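Hi everyone, thanks for making time. Today I'd like to walk you through one model, piece by piece.

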Amino acid sequence: MQARALNPEEYFVESEPYYEPTGDEVAIFEAAYGNRLPVLLKGPTGCGKTRFMEYMAWRLKRPLITVSCHDDLTASDLVGRYLVKGGETVWIDGPLARAVRAGGICYLDEIVEARKDTMVVIHPLADDRRVLPMEKLGVLLEANRDFCLAISYNPGYQSVLKDLKQSTRQRFVALEFGYPGAELERRIVANQAGISAEVAEQLVKFAHMTRNLKGSGLEEGASTRLLVHAGKLIAAGVAPVSACQSAIAQAITDDPEMLAAIQELSSSIF
Amino acid sequence: MADDSLPLAAGQIEKSLEAWLEVEFTFLRVDTLAAELSSLPRHEQDFLLNWIRRSATTNIEIAYQFARRAVQVLAHMDRRVIEAWALHAMDTYDRAGLRPALQVIQDVERFAQFSHEHAAGAIFGDVSGILLTFVRGLSGRQLKLEEGDAVYTDSEILYLPAVIARMPRAEDNFQLCKAMVAFLWAQTRFRSFRANLFETLATYPDHQRARAQFHALETLRLEACIRRELPGLSREMRRLKAELHQEYLPQEWDPWAQELARPEATAEDSLRLLAEAYPAPIPAAVCYQGELRLEAVANTMAARMEREKTLLRVKLAQLLEELGKQKGGDGDTAPRFEVKPAQDEQAGLPRFELILDDMPIAPPEGVRQLLTSVYLDWGELPPEHLSPAGPGEYDPGLFEEKAKDPDEVWQGTYHEEGATFYPEWDFGRQHYRKNWCVMREKDVPPVHDGYVSKVMQEYSGLVKHLRRSFEAMRDEDRLLKRQIHGDDVDIDALVEALSDAHDGSEMTDRLFTRMHRTERNIAVMFMVDMSGSTKGWINDAERESLVLLCEALETLGDRYAIYGFSGITRKRCELYRIKRIEEPYNEEVRARISGIRPQDYTRMGFAIRHLTRLLGEVEARTKLLITLSDGKPDDYHDGYRGPYGIEDTRKALQEAKRSGVHPFCITIDREAKDYLPHLYGAVNYIVIDEIRKLPFKVADIYRNLTT
């Protein structure tokens with residue numbers, strides 16, 4: 001099968017993504033969307049923020065445009081820029097402008113990684129004005145009724161440089177994501193990785209052990225996503241201890257002593 | 001030239017030993033020792049002589065006793081274990097003095113229970129890091145791991161001996177350590193210890209027997225718990241038992257084993273069964289079960305239960321305050337917390353949820369850990385623990401760790417309380433002395449005398465120049481033209497490219513402009529010599545340099561901190577805060593610069609280690625540690641002067657480099673060229689030949705360093 005090439009604003013999530021609600025986040029998001037309020041998702045990596053966005057895009061039947069922010073992402077990467085084509089300059093919309101025009105959901109992942117000037121373009125979109133100033137075109141782009149802005153942010157990084165300013169965060173409806181409860185997480189891992197409930201339970205137990213280590217040598221414990229990865233390896237016939245080592249331990253730390261300790265934890269369980 | 005592979009003759013060995021053991025003064029007999037050593041092959045001679053020499057730098061008696069035993073031991077023990085043995089003796093000497101250290105040397109058999117040739121033991125220092133992380137990952141109370149004389153726990157600290165060498169292979173010895181740690185953890189996690197356990201066992205006529213039988217019963221129960229909780233480890237434990245032929249259980253024990261293997265079995269059941277099991281034959285101790293030291297447990301538990309009750313009630317009161325609730329404001333009942341175990345109990349240990357007036361509250365991490373610990377001691381959460389402490393009900397001194405005034409150190413008895421410990425490199429031993437330096441941070445007493453403005457006036461010309469040159473260094477945002485990618489079209493480039501295209505030549509693709517933003521991301525730590533030798537001119541020059549430097553750095557916007565260092569002996573290593581990294585350059589800091597006074601000696605290792613650690617907590621692309629000094633590392637007493645101090649400083653600087661800090665030294669010692677290249681490397685230092693020039697130079701040096 002050939003890979004399909006789509007315009008971002010035509011990317012609809014067609015089949016229902018697997019998502020297990022942990023609380024009332026679906027209802028809150030729908031209410032916020034109905035009232036055209038922007039949404040802020042908080043939580044550690046791999047706990048289901050992006051999956052939640054896919055699920056909501058599918059539920060609301062809106063195209064989903066995801067921008068993963070990085071430290072070189074500027075405002076024009078979001079809004080758009082002139083390009084030179086055959087001797088003429090042509091304006092090309094950025095992903096945010098496309099979502100604003102088409103009425104899609106624009107999801108800015110890890111927003112704190114982006115340069116500070118990107119916040120300036122987000123602010124007027126995130127309050128009741130709902131406009132996108134396009135400085136270079138000299139245009140104020142009014143958002144489509146169906147447009148929705150969502151950003152995500154991980155408060156766990158203990159860096160002052162990666163903190164969200166009050167002026168930004170106070171424009172959003174905030175949803176907090178944590179790791180799901182043990183029972184729910186077991187179901188998610190079993191379902192997503194296609195492994196038995198027992199193995200999933202052991203994986204979740206292992207994840208809890210690594211989460212106990214947060215603060216004593218680990219920045220973050222194993223996320224649900226990593227558990228699913230390990231589960232998939234196990235389903236493919238990899239021995240559980242090696243699967244945990246490759247999919248989880250190596251992914252969360254480089255420190256040899258910590259790796260050895262995590263290896264001992266996983267070999268104690270399986 | 002002597003052949004390196006031929007064994008040394010007794011005469012040669014005797015000569016070396018005489019020198020190291022200072023026979024002239026100590027009158028030790030070394031002739032038999034030398035004769036014994038001379039019969040060994042050369043590589044073994046070298047190995048032992050090396051360790052004799054190294055331990056002799058710590059203490060001659062230790063070295064002598066070590067030498068007397070080492071020859072016999074060499075045949076039985078792995079070299080790693082012998083090294084660990086010698087180091088352990090030296091550490092003990094550092095910590096507790098000569099007598100206990102000699103005990104370590106004499107008890108070599110106890111040190112490593114070797115039952116086979118060349119035991120490849122697991123050495124505590126090597127495995128403790130991994131095992132501590134391992135045990136932290138398991139649920140329950142936060143436990144500590146320490147070296148002790150046997151395998152046991154006091155319910156807060158798990159003790160392992162210095163070497164475990166019961167198995168022939170190193171991997172198996174590590175697995176055995178892990179099994180021991182897990183088993184001790186299980187004692188705390190599955191509640192082997194109850195408050196009155198000690199007394200209950202004491203009702204039996206033969207206490208020892210009762211204790212042994214109870215331990216055996218608990219071992220059966222905990223093995224079953226581990227089998228359920230950690231199946232992988234349980235398999236490993238059974239394998240270890242099988243290899244040591246310890247899986248045999250007397251027949252009459254079978255029904256008890258079955259009963260205790262039930263998931264709902266508790267330590268109560270073990271106590272109940274003890275009545276039956278008391279006269280039965282005692283089963284052989286299992287390799288990982290260790291000892292049951294109930295006295296230690298009872299003491300720790302009693303203290304902890306009291307402390308944690310207080311602490312929990314105080315923390316709940318604080319929590320209430322944060323929640324903004326008035327405590328019993330209108331005379332009716334004070335708000336009460338309730339606790340309910342949260343739903344997912346799959347790990348066996350409930351996660352507690354606090355409930356206040358029907359509202360669930362997620363307890364902060366500290367409170368959650370306390371709740372778990374209290375639950376493990378009591379088996380429940382007694383309601384009286386959950387009533388928040390009233391105002392003034394407890395003296396905060398009971399549970400808070402008070403910051404002691406560092407100046408009281410020598411007046412009272414607590415020489416080491418509340419201080420931070422740093423290791424020091426002993427070049428004779430070729431190993432660290434653990435927790436050797438007792439370090440404290442102190443504030444420089446500020447002197448508000450307008451010193452800074454006086455200096456600024458005196459150097460007003462230089463200050464202007466500095467401001468100008470440092471302003472020029474600020475890396476500012478600028479527009480880069482003719483870029484391949486960028487935010488905007490570069491019209492000049494485009495016009496040129498189009499006309500190129502008309503001419504038929506190739507069009508460039510560099511058509512865009514891009515904003516260039518550089519964040520100068522430097523954190524710098526100044527370590528200023530405050531030793532007695534800086535008195536007078538040097539102190540003045542240092543203070544003036546600091547004033548000018550601060551001026552320059554404020555212009556530049558780099559983050560910086562200033563600490564002074566001095567000390568007298570290892571017990572009193574002091575760092576003087578002048579400016580912390582996040583502190584603004586304010587009146588207080590200016591007054592502290594004015595207040596810098598010469599103190600004692602120049603012990604440098606601890607200062608470098610501590611400031612490196614502080615720098616490690618700062619997020620910056622480039623980290624600098626700049627020392628302003630007037631001479632060699634030096635200290636009163638304990639042999640810091642000379643090569644010892646230089647090697648320790650060198651080691652500390654190497655550690656700093658390894659953790660990503662660039663050390664640099666500015667000195668006015670004219671003899672510095674003899675030792676500084678050895679310490680800082682050929683280029684990382686600068687000698688200023690005239691003290692007067694120091695204030696003029698320091699800022700310039702900094703500029704060159706960071707551009």
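Predicted model: local features only at pLDDT ≥ 70, side-chain atom pairs only at ≥ 80, totals over all residues.

Residues are numbered from 1 along each chain as its sequence is written, while chains are lettered from A and ligands numbered from 1 in the order in which they are written.

So, the cores. A nonpolar core is a set of buried Ala, Val, Leu, Ile, Met, Phe, Trp, Tyr and Cys residues joined through C-beta atoms within 7 Å. Buried means 20 or more other C-beta atoms within 10 Å of a residue's own, with C-beta atoms placed from the backbone. The largest core here has 108 residues, and A:Ala230, B:Phe66 and B:Ala89 are among those with the most contacts inside it. Its largest share, eleven residues, comes from helix 10 (residues 170-189) of chain B; helices are DSSP runs of H or I, at least four residues, and strands are runs of E, at least two, numbered from the N terminus. There's also a second, separate core of 69 residues, including B:Ala419 and B:Cys665.

Next, the sheet. In chain B, eight strands form an open, mixed sheet, ordered 9-10-16-15-14-17-18-19. Strands 9 (420-426) and 19 (685-687) of chain B each have a single partner strand, so one side of each lacks a neighbour in the sheet. Pairing takes at least two DSSP bridges; strands 18 and 19 of chain B have three, in the parallel sense.

Last, helix 8 of chain A: 13 of its 16 residues are buried.

Technical notes. Buried ≥ 20, exposed ≤ 12 C-beta atoms within 10 Å, placed from the backbone.
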